[in-house]
Amino acid sequence: MTKRPSFAIYGILAAFVLGSAFPFYWSFLVASRDNSVLTGDFTLVPGGNFWSNAVRVFDTVPFWKALGNSFIVSGTVTLSVVLLSTLAGFAFAKLRFRGRGVLFLFVVATLAVPTQLGIIPLYMAMAEFGWAGELEAVIVPNLVTAFGVFWMRQYLLDAIPDELVEAARMDGCSLWRTFWHVALPAARPAAAMLGVFTFMQSWNDFLWPLVVLNADNPTLQVALEKLQSGYYVDYSLVLAGTTLATVPVLIVFLVLGRQIVAGVMQGAVKG
């Protein structure tokens, strides 16, 4: 018989859930009141000012344009990273070609290079292409990532038996059809997790968009930074914008949650 978890396990899990959700609730709590909530009596009951603070956010910064820019950047980058990383991961995991190990080692080695080292030459390249201030400057450098290639390669090593790939080739499948009909369905759980990670990273990216984009064409994180650029910081206004910016990430997680759980459970069964 399977032993059921004890109440202590449920208590620990509940504590982790509450600890993870409390920062988001605290942001909503402050956003639903005025700025005096940080200096007055402490309360966990939301106020009634959230929508008025949200309207102030819309009036203070180009929120909707920044939201659309973030959707374009994050959506394009996520789709590209998932597709290209799965392609590269399949090649490194299941194909035999000269220099495979050296190339993969080079890809992994790039993970050790700090992003800040490449900002100046990357900005010069974007300016040379005429993309400074445009969304292409944020999208193109992030179309594929070394982490994505590493992630998908490690997953596909065990997810697809070599015999299955050889059987598909013997049945007349081209390399592309083998990838599309064999590798891609098997990689779906790992691709979903990579998609969530990539979307969150791209959505929350601040430094590079701040450097390369103009003030009239920002992403959401750059636009929200303008809410606290003055001498006096209205935290109810700032956290109202932060709460609104968090909602799309939660939606993406809910949509892909089943695939994420499937990936975790599949890894647990293999272990």
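1. The largest nonpolar core comprises 30 residues, and Leu-156, Ile-160 and Val-212 have the most contacts inside it. Such a core is a set of buried Ala, Val, Leu, Ile, Met, Phe, Trp, Tyr and Cys residues joined through side-chain atoms within 4.5 Å; buried denotes under 20% relative accessible area, exposed over 50%, and partly exposed in between (1.4 Å probe, protein chains only). At least two residues of this core come from each of α3 (63-94), α5 (119-129), α6 (136-139), α7 (146-159), α8 (162-170), α9 (175-186), α10 (188-204) and α11 (207-212). Helix α3 gives the most, with 6 residues. Helices are DSSP runs (H or I, at least four residues) and strands are E runs of at least two, numbered from the N terminus.

2. The model is predicted: local features need pLDDT of at least 70, side-chain atom pairs count only at pLDDT 80 or more, and totals for chains, interfaces and linings use all residues. Residues are numbered from 1 along each chain as its sequence is written, and side-chain values use heavy atoms, with hydrogens and water left out.

3. Beyond its neighbours within four places in sequence, Ile-160 is in contact (heavy atoms within 4.5 Å) with Lys-94, Val-165, Val-182, Ala-183 and Ala-186.

4. A second, separate core has 23 residues, including Val-30, Ala-31, Phe-199 and Leu-220.

5. Tyr-10 belongs to helix α1 (residues 7-31) and is partly exposed, at 44% relative accessible area.

6. Over residues 71-93 the chain is 100% helix and 0% strand, with the end C-alpha atoms 32 Å apart. For residues 178-200 the values are 96% helix, 0% strand and 30 Å.
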